[in-house]
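Please read these notes with the model open beside you.

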Amino acid sequence: MLFTLLSLPAAADSWRVQVPRTAFDYGSGLETIDYAPLEQASQAWRLCIAYPHLKDAYWLSVNYGMVAEAARLGVSFKLVEAGGYPNLQRQIEQTEECVADGADALILGTVSFSGLTSTVKRISASVPVIAAVNDIADAGITAKAGVSWIEMGAEAGRIIAARHPKGSAPVKVAWFPGPENAGWVTFVEKGFRAALAESSAVVAVTKYGDTGREIQVRLVEEALDEIPDLDYIAGSAPAAEAAVSVLRARGMQGQVQVVSDYMTHAVYRGVLRDRIIAAPSDFPVLQGRLAVEMAVRAIEGSLQVKHAGPAIRVFSRASAGEDLLEQTLAPASFVPVFDFRPQR
């Protein structure tokens, strides 16, 4: 699809972001800054962008942010998506072919924390490589636009832990972190389980699987069959979305509570309808914009901040009136853009 539109929002004068004190090390502590984006690219650069998939609306929102920023800066891109986290070899081949077609930089939403290291090092010898959203091993990476998925998992865990402090009646949680071998899953699990450690909540069952809807529906059904007295279902947005549907079909709404560890359109609707308690937002639209802006800076030699991402905030019915959505969700009418060229 060739996309030439644009009625997209302009960038703010600055973006409020958090920057690790040591680039690529979330454990070094975070500082909050006002990040001033470039006004315009010096040339009509061509970017290659690689996603793990477009199976849920999270990456659609990232795509929307990238389109908006590419349009504002006056650069173009080609997007490839691997079709899911098991498809490491496909993503390697896609990124190599995409860059070979004439890209000035690669923006990589990886399917694996370390599986693309040799590919990244090879590509980075000729063009900058910007990691977007999913964390990745540092070798060959020029910059990262993302947040700590340990903290994303912890925020989801705290939603449950706050309701069930240590010493209160125990509750059972079914946990759906995502694909077992995906790099981000290791981090989100660490944060989630740490947050539950000081509560009465116990992870009674864990179900790993790709974030496609059909797989998550099957996993949720399995968990409910195995642990009929579950109190919570928590996990990825597709798992939360699947849980809402399965619980409704089984007449179990209100019996089992649902928590998502990131935001999508369906999770947003679920929160408003009191089907999902809450979900942290890492502002995927803004992350998409930041990755494109960083890529242009890297090409032009003006990159100053090598690692940044939005501050995580929890969305619930209580915060529904707050301005979280503009940098979190793509408009409902937006469709994926695979080949973007700015209007001139």
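1. Start with Asp-138. Asp-138 is partly exposed, because its relative accessible area is 38% (buried means under 20%, exposed over 50%, and partly exposed in between, with a 1.4 Å probe and protein chains only). Its partner is Lys-144, and their side chains form a salt bridge, N to O 2.9 Å (a side-chain nitrogen of Lys or Arg within 4 Å of a carboxyl oxygen of Asp or Glu). Lys-144 counts as buried, at 3% relative accessibility.

2. A word on the source. This is a predicted model, where local features need pLDDT of at least 70 and side-chain atom pairs count only at pLDDT 80 or more, while totals for chains, interfaces and linings use all residues. Residues are numbered from 1 along each chain as its sequence is written, and side-chain values use heavy atoms, with hydrogens and water left out.

3. How many salt bridges are there by this rule? The count is 22. One of them joins Glu-69 and Arg-289, at 2.9 Å from N to O. This pair links distant parts of the chain: Glu-69 sits in helix α1 (residues 57-73) and Arg-289 in helix α9 (residues 284-300), 220 residues apart (helices are DSSP runs of H or I with at least four residues, strands are runs of E with at least two, and both are numbered from the N terminus). Glu-69 is buried at 0% relative accessibility. Arg-289 is buried too, at 2%.

4. Lys-78 and Asp-101 also meet in a salt bridge, 3.3 Å from N to O. Lys-78 is in strand β5 (residues 76-81), and Asp-101 is in the loop between α2 and β6 (105-108), 23 residues away. Are these two residues buried or exposed? Lys-78 is partly exposed, at 31% relative accessibility. Asp-101 is exposed, at 58%.

5. Now the cysteines. The model has one disulfide (a pair of cysteine sulfur atoms within 2.5 Å). It joins Cys-48 to Cys-98, with 2.2 Å from S to S. Cys-48 lies in strand β4 (residues 46-51) and Cys-98 in helix α2 (residues 88-100), so the pair ties together parts 50 residues apart in sequence. The torsion about the S-S bond is about 135°, so the disulfide is right-handed. Cys-48 is buried at 0% relative accessibility, and Cys-98 is buried at 4%.

6. Last, look at Arg-273. Arg-273 is in the loop between α8 (265-272) and β13 (278-281). Arg-273 counts as exposed, because its relative accessibility is 57%.
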